[in-house]
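This briefing is intended for a reader who is meeting the structure for the first time. Please keep the sequence and the model in view while reading.

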Amino acid sequence: MNKKGFTIVEILAVLVILSLIFLVVTPIVSSSSQKAREKTFQTKIATLEAMTTTYGQDNYGLIVAKSNTIPCTYSESGTDQFCKIKLKSLIPDYIVPDNEDGPIQIEDPRNKELSLDDCTMTIKIDKKARKVTTTFDENECNK
């Protein structure tokens, strides 16, 4: 007898094996992409902090003088001065927008509906040491 093709049992066996592979691989790929999105967000925040620190260093004198040309909310504590600045106000000078045509210019990669535009960076100026540092607090974002 001359057999050509596959039997239905062989085809079903291959389908079962492929579906098992799919069931095992899907969660692994999903987990990897979520971790990548979170790593992207952390990298973006670190970049924004570095850019804001550069902004603080470039405008050190104006921040210390509490200039009206710097869009800051000022506060002081001992020798430290704090300048809270919205990220959106830094876009023209230091931050390249993710989406120049849309309403959100800095997107949160973890949540496309959350805009980092309304988040605040705190520029801390130690007047005694003439040191500028920047911190980001996600809780200060207008969600």
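In this predicted model, strand 5 (residues 120-126) pairs with strand 6 in the antiparallel sense, over 6 bridges. This pairing belongs to an open sheet of 4 strands, whose order is 1-2-5-6 and whose pairing is antiparallel. At the edges of the sheet lie strand 1 and strand 6 (131-136), each of which pairs on one side only. From one strand to the next, the twist averages 20 degrees.

**Strand 5 and strand 6**

- M121 has F136 of strand 6 standing opposite, and I125 has V132 of strand 6 as its bridge partner.
- The hairpin of these two strands has 4 residues between the strands, and R130 takes a positive phi near 55 degrees there.
- In a regular strand, side chains alternate between the two faces of the sheet.
- Strand 6 has one covered face, formed by V132, T134 and F136, and one uncovered face, formed by K131, T133 and T135.

**The other strand pairs of the sheet**

- Strand 2 pairs with strand 5 over 7 bridges, in the antiparallel sense.
- Within that region, K86 has T120 in strand 5 as its bridge partner.
- Strand 1 and strand 2 are also antiparallel, and 6 bridges connect them.
- C72 stands opposite I85 of strand 2.
- The hairpin of strand 1 and strand 2 has 2 residues between the strands, and G78 in this hairpin takes a positive phi near 65 degrees.

**The disulfide**

- How many disulfides does a search of the whole structure find? The search finds 1 disulfide.
- The disulfide joins C72 to C83, with an S to S distance of 1.7 Å.
- C72 lies in strand 1 (residues 72-77) and C83 in strand 2 (residues 80-86), so that the pair, 11 residues apart, links distant parts of the chain.
- Is C72 buried or exposed? C72 counts as buried because its relative accessible area of 16% falls under the 20% cut-off.
- C83 is likewise buried, because its relative accessible area is 0%.

**Helix 1**

- Helix 1 packs on the sheet, where it touches strand 2, strand 5 and strand 6.
- The direction of helix 1 makes about 145 degrees with that of strand 6.
- Helix 1 has a kink of about 25 degrees at V25, shortly before the proline P27.
- The buried residues in helix 1 include F41, I45, L48, T52, T53, Y55 and G56.
- An α-helix has 3.6 residues a turn, so residues three or four places apart point the same way.

**The chain as a whole**

- The secondary structure of the protein chain comes to 3 helices and 6 strands.
- Along the sequence, these elements follow the pattern α-α-β-β-α-β-β-β-β.
- The protein chain has 143 residues, of which 29% are buried.
- Among contacts in the protein chain with a separation of 6 or more, 54% are accounted for by residues 24 or more positions apart.

How values were computed. Residues numbered from 1 in each chain as written. Predicted model: local features only at pLDDT ≥ 70, side-chain atom pairs only at ≥ 80, totals over all residues. Heavy atoms only, no water. Disulfide = S-S within 2.5 Å. Buried < 20%, exposed > 50% of the residue type's maximum accessible area, 1.4 Å probe, protein only. Bend = angle between axes of the 7 residues up to and from the residue. Pairing = 2+ DSSP bridges. Axes fitted to C-alpha atoms, helices over the stretch in contact; angles between N-to-C directions. Contact = heavy atoms within 4.5 Å.
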